[in-house]
Amino acid sequence: MSEARQRVTREDVTRHGRWGTWRREAAARLAQLRRDPFTVQSVRSTAAATLSYVVALWLSSEPAPLTAPLTALLVVQVTVYSTLTTSLRRVNSVVVGVLIAIAFSALVGLSWWSLALIILASLVVGRLVRVEEFVPEVAISAMLVLGVTQVAATAWDRVLETLIGAAVGLLFNLVLAPPVWVDTAGDSIEDLARRMRRLLIDVAEEFGGAPPVERAAARLHEARRLDNDVADVDGALRTAEDSLRFNPRVKEGLLHRIVLRTGLDTLEICAVVLRVLARTLTDLAKEREGRELLPAPTALALREAAQHTADAFVSFAVLVTASGSDEAEAAESRLAGELRAARACRGRAAGLLLALALREPGRWQLYGAMLAELDRVLDELDPEHRGRRLMEELDRHTRESRERRRRLTLRNALGRARRPGRPGRTPQAPPS
């Protein structure tokens, strides 16, 4: 083969390789965008708002019925559950505002004092009818309707456009069910577990040297920042929990919600214990004042126990977020092995710390605190403890659901008994 032909062939291979790399990167970015809540929400809201505007142009007499797309924009949330609850509050707020405007238009005209009075009345009534974040919408609806000449026609158009927007937004989510954000919440939980793992290893390594107080205090500050991480994961988990409610794609939404929520609760407790452990490190650094915190054998035993415990964080997170039984069984097996190794290393560290406390009785509280904090983490991550927590939560939800059904049945029975023309029956004495 000629040199020119070989060069052309190499260029084709290089070009083909670059094209394949670009396609893979583009596919990965597209998949990431499809899992991004902001991107999905933007596309869904735009489509629903546009569709509601088209429907309102057909049904409403207004030349520019912008209330319908505005309502759809506010109603179409990330999940079916939040869409349903938002629709009810939104429609309620607009109808209440329109009724207030009609009542005021029959009594007074539009002036500065009547405007102030209608705003005050709308905000108070909006709070009473519990429309929550749509309290200002009551006043806005009342002002818009009161400021026009033909109050009745405008009021009907505004209510109609609101109903169109709410209906389109709700049907949009029912027909095109939004995605389930369990995977996103699971990734957040695993990221939190990895940050906790890194922090525990860093804290345990400090026990083997003579860290200055400033560095120990920096570890404590890192542990305190875990609270913000837990709050971020909690927000992602709330979105995932809402996406599981009323979603036709999910059959066991309650079980998924409880598994994720109890898993995050466990990691949150462990984050608090890590903060206490970092506080112990800081106190011990102040006591030693630049000297070695622990003898080498004791520090090594603590580091080994912390290493296995830190690895257990990740295995626990994988167990909580596992999508299949095989993955869950593998994660549970790894978690059990790491907990056994951590408890064995903890036992060796306990004997060395006991001997150290006998020689230095003034610091026995700090040495005992290290063991107590490790024990608390190991107990929280134990699969048996987790199983009990899951059963307790399932029992609690079952009791609450049964109690809600009982109250609803009793309320319906009382409502039927109080209907006009259907007085409650009095018990008849049996025939003698």
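**Close-up views of a predicted model**

**View 1. Thr280 sits in helix H10 (residues 253-288).** Helices are DSSP runs of H or I with at least four residues, numbered from the N terminus. The model is predicted: local features need pLDDT of at least 70, side-chain atom pairs count only at pLDDT 80 or more, and totals for chains, interfaces and linings use all residues. Residues are numbered from 1 along each chain as its sequence is written, and side-chain values use heavy atoms, without hydrogens and water. Thr280 counts as buried because its relative accessible area is 5% (buried is under 20%, exposed over 50%, partly exposed in between; 1.4 Å probe, protein chains only). Leaving aside residues up to four places away in sequence, Thr280 touches Leu366, Ala369, Met370 and Glu373 (contact means heavy atoms within 4.5 Å).

**View 2. His397 belongs to helix H14.** His397 is partly exposed, at 24% relative accessibility. Its C-alpha atom is 9.3 Å from that of Ile258, 139 residues apart along the chain.

**View 3. Arg399, Arg402, Arg404 and Arg405 form a surface patch of positive charge.** Patch residues have over 30% relative accessible area and no salt bridge; like charges are joined within 9 Å, nonpolar side chains (Val, Leu, Ile, Met, Phe, Trp, Tyr) within 5 Å. A salt bridge puts a side-chain nitrogen of Lys or Arg within 4 Å of a carboxyl oxygen of Asp or Glu. The charge of Arg is placed at CZ. Arg402 lies in helix H14 (residues 383-417). Arg402 is partly exposed, with a relative accessible area of 47%.

**View 4. Leu110, Leu115, Ile140 and Met143 make a nonpolar surface patch of about 310 Å².** Areas come from the Shrake-Rupley method with a 1.4 Å probe. Ile140 is in helix H6 (residues 135-146). Ile140 is partly exposed, at 36% relative accessible area.

Note on methods
Lys, Arg positive; Asp, Glu negative; His and termini not counted. Helix = DSSP H or I, 4+ residues; strand = E, 2+ residues; numbered from the N terminus.
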